[in-house]
Amino acid sequence: MAPAEPNHAPFKVQGEEPYFAEELEGWNGYIEWEKYPEKKKQAAEILSRYDFPVPPEFQLEPLPKTNPILEGVRWKYYHYAMGPTLKNVPEISWKYVQKEKSPDMIHVLEFPYNGEPPRTEITPNEDFFVRNHGGIPEIDAEKFVFDVGGLVNDPKKITLKELQDESIFPRMSKTASLQCSGTRRIEQIHEYPGDGDELINAPWAEGAIGTARWTGVSLKKVIKYCGGLKDGGKHVEFYGADTYFKKGNVYNYAVSVPYRKVKIHEVMLAWEMNGKPLPRIHGYPLRVVVFGFIGARSCKWLYKINVIGQPSLAPVQMKEYIYYSPQIGKHNNTYSNGFSIQTMPVSSAIMTPLNHDQIIHDGKIKLTGWAYSGSGWPERVEVSGDGGNIWYEVPFDKLSKKVYYSWRVWEYDLPVDAEGWLEFCVRCWDNALNASSPRRIAL
Ligand SMILES: Nc1nc2c(c(=O)[nH]1)N[C@H]1C(S)=C(S)[C@@H](COP(=O)(O)O)O[C@H]1N2
Ligand SMILES: [Mo]
């Protein structure tokens, strides 16, 4: 499918076209910002020359019924403004969407690309949701190395070949879900559209979650290979090769996790997804996968690991993916009022039927959905066809297998007497008896 027709004035370069070189040979679309403060300043100066289109597209009018739903004009313009190295990144990213993803993905945002699977069950690579904050760098695996530094005794550069050498690093595989904490943001948007956040908050429905079998190396083994932690090393920061724009500044995508999570082998450096090399759109050649944590920590296009004494100060860690209680709300707020989301809470959703579907039934309606908990697994799922008065337990054999840190998909033929407007809900309990709040859809 072609990208949506642009409904904006064409982009015009202001002043001389800037030139920021590629950092490495064989890496396309990777500008290193974090090492060069001068370059960052220069980029900020260039960005300040422009009046970019207003943020964010959906807050000013109802969401269009197009696919892609949103285009992401401003983000394309940010990339165009950086000159030749990033100019083609939106186009290249779209090329990989077409090459690597299934044709029936729901494109919630064309650029940075964000897409939900078609509303079906499990998630092969082509259907796995995609959440990007920028473009897709093209990295030649032969030329790929990543740095391990900061508070480790023996900082090193490691190639993919070395990482894959089983005489150095034992391999691990694990089936685990990744969930973006933006899952079901559309409901939030409908209640309160936000305060003009700069980030284009992709209008996710239930689909920003997926499960894959990941293969790679436990990060703990890599830290050990680098001589172990120095005193004070408590958090591990990851850097991705994509360019991240925030409030007129440029960064590389960066986040961190506490070492505690690494220590128990719950952080993997992965190069394989469902038995195949990682697709470019999912982080080729190497990404982080953090089991049970918010998807944002699973850094794609990883090029640097930095051990530090406190959580990362990077904007994705400190200024985004922060939880505010409903009483506080996001408006009139300071970042320190919220807390950083790490472990994902228990949650569940109905995938089919969809809101406003019309169904002819003979007393039973089939519901399908998922349930997930970032601190273990869902134990029990219940559904209701009358807005939450009467609940039915989804029987054991209608729940997929229990796998630590993975969702369980379920289906249920729900007895329904009524006709007309129905309100379906689902709720679940995890192994620690946390319960999810019901998700309602009406039809
Ligand atoms: N380098 C980089 N890593 C990233 C992101 C990104 O934009 N850049 N997005 C993060 C977010 S918010 C999520 S939810 C997951 C999504 O992973 P997927 O696109 O492979 O499904 O990747 C994370 N890793
Ligand atoms: Mo995310």
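This is a predicted model: local features need pLDDT of at least 70, side-chain atom pairs count only at pLDDT 80 or more; totals for chains, interfaces and linings use all residues.
**View 1. The protein chain as a whole.** The protein chain has nine helices and 24 strands; helices (H or I, at least four residues) and strands (E, at least two) are DSSP runs, numbered from the N terminus. Its C-alpha atoms fill a box of roughly 65 × 55 × 40 Å along the principal axes. The radius of gyration is 22 Å, which agrees with the value near 22 Å for a compact globule of 443 residues (taken over C-alpha atoms; the globule rule is 2.2 Å times the number of residues to the power 0.38).

**View 2. The shell around ligand 1.** Here 20 residues surround ligand 1, and the closest are Phe 129, Asp 242, His 282, Arg 287 and Lys 300 (a residue counts as near if one of its heavy atoms lies within 4 Å). The shell divides into 10 nonpolar, six polar and four charged residues (Ala, Val, Leu, Ile, Met, Phe, Trp, Tyr, Cys and Pro count as nonpolar, Asp, Glu, Lys and Arg as charged, and the others, Gly among them, as polar).

**View 3. Polar contacts of ligand 1.** Look for pairs of N or O atoms within 3.5 Å. A polar side-chain atom of Asp 242 is 2.7 Å from a nitrogen atom of ligand 1. The side chain of Arg 287 places an N or O atom 2.7 Å from an oxygen atom of the ligand. From Ser 298, a polar backbone atom lies 3.0 Å from a nitrogen atom of ligand 1.

View 4. Most residues other than glycine have a negative phi, and most peptide bonds are trans. Asn 67 and Pro 68 are joined by a cis peptide bond, with omega about 0°; Pro 68 is in the loop between α1 (37-47) and α2 (73-81). Thr 352 to Pro 353 is also a cis bond, with omega near 0°. His 356, in the loop between β18 and β19, has a positive phi near 70°.

Key. Residues are numbered from 1 along each chain as its sequence is written. Chains are lettered from A and ligands numbered from 1 in the order in which they are written. Side-chain values use heavy atoms; hydrogens and water are left out. A polar contact is a pair of N or O atoms within 3.5 Å; within protein, one must be able to donate a hydrogen and the other to accept it, and residues adjacent in sequence count only if both atoms are side-chain atoms.
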